[in-house]
Amino acid sequence: MNLVLQGVGDCKPRLERIAALTASANLTWLSDTALRCEGITFSTALCQTIEVAAQAAQLDTTYSIGTHKMGDYKLVAMDMDSTLITIECIDEIADMQGLKQQVSEITEAAMRGELDFAESLKRRVALLEGLDASALERVYNERLQLSPGAEIMLKAVQAAGLKTLLVSGGFTFFTERLKQRLGLDYTNANELEIIDGKLTGKVLGGIVDAEEKKRTLERVCAKLGISPSQAIVMGDGANDLKMMSISGMSVAFRAKPVVREQANVALNFVGLDGILPLLT
């Protein structure tokens, strides 16, 4: 069993301290902020000790049997809101209506898996009825920021020849702009209905929920002639779990507990580029 420890900033002393708990005789520095401990004799007690110590030291831990290489994968699929970007776009749009708290509460419940996503989206979008469509541009220009490490990660996987998919329960207004900005290969998201320059409170066509995210991943993999096991899938909410479940590597990024518990990799402290040391 191998363990990769990662942190941010000047974290070498913390990495070395936690690595010492593993009693590994073979330590490999993957970068200044990532250390691999190889040949660990795994036990539940040891794992619990490491997890508690790593959490206190603000380090991420990833266990694996053997090592993984970038060449093992052909596609990186990402959720958008709170994964590729730092915000929930619908919450910020709702803020333009003075309804952010009301919409955010529904968003949080849906991401925790407490509400049906499609129904929750309809409820939230309905609250946006009558809002001037220019609010979308304001959210994109004034509030949307990429998550830490996003550009580094994307440049690395694209340089290695991997394709990229952005699949979101959010909106095409944002995914299409990010596609152009970041050179992404594929996108799928919900389309807001706009009439006479105002939001109608409705979504056009079918809703991109958990099942549609999974189907999108399967369609793109089929188009590329690859298996979903050759895909890395990143997400943060319950509606990402179905597409994550069929991937070769599932990554929970700053995610809800239900997602962290089921993912292969949980990145709580490092950025999205935290997958790169795992593929070395």
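This is a predicted model: local features need pLDDT of at least 70, side-chain atom pairs count only at pLDDT 80 or more; totals for chains, interfaces and linings use all residues.
## Helices α1 and α2

Two packed helices are described by the angle between their axes and the distance between the axes. Helix α1 covers residues 12-22 and helix α2 covers residues 44-56. Their axes come within 10 Å and cross at roughly 170 degrees. Angles over 145 degrees count as roughly antiparallel, so α1 and α2 are roughly antiparallel to each other.

On the α1 side, the contact is made by Ile 18, Leu 21 and Thr 22. On the α2 side, Leu 46, Thr 49, Ile 50, Ala 53 and Ala 54 take part. Of the residues in this contact, six are nonpolar, two are polar and none are charged.

## Nonpolar cores

In soluble globular proteins, nonpolar side chains tend to be buried together. The largest nonpolar core in this model has 59 residues. Which of its members touch the most other members? They are Leu 84, Phe 174 and Ile 275.

Leaving aside residues up to four places away in sequence, Ile 275 touches Met 153, Val 157, Ile 232, Met 234, Val 251 and Leu 267. Another core, of 21 residues, lies apart from the largest one. Its members include Leu 217, Val 220, Ala 231 and Val 233.

## Glu 38 in strand β3

Strand β3 spans residues 34-38, and Glu 38 belongs to this strand. The side chain of Glu 38 is joined to the side chain of Asn 26 by a polar contact of 3.0 Å.

Asn 26 is also one of the residues that Glu 38 touches when residues up to four places away in sequence are not counted.

Key
Residues are numbered from 1 along each chain as its sequence is written. Side-chain values use heavy atoms; hydrogens and water are left out. Axes are lines fitted to C-alpha atoms, for helices over the stretch in contact, and angles run from 0 to 180 degrees between N-to-C directions. Helices (H or I, at least four residues) and strands (E, at least two) are DSSP runs, numbered from the N terminus. Angles under 35 degrees count as roughly parallel, over 145 as roughly antiparallel, 65 to 115 as roughly perpendicular and the rest as oblique. Contact means heavy atoms within 4.5 Å. Ala, Val, Leu, Ile, Met, Phe, Trp, Tyr, Cys and Pro count as nonpolar, Asp, Glu, Lys and Arg as charged, and the others, Gly among them, as polar. A nonpolar core is a set of buried Ala, Val, Leu, Ile, Met, Phe, Trp, Tyr and Cys residues joined through side-chain atoms within 4.5 Å. Buried means under 20% relative accessible area, exposed over 50%, partly exposed in between (1.4 Å probe, protein chains only). A polar contact is a pair of N or O atoms within 3.5 Å; within protein, one must be able to donate a hydrogen and the other to accept it, and residues adjacent in sequence count only if both atoms are side-chain atoms.
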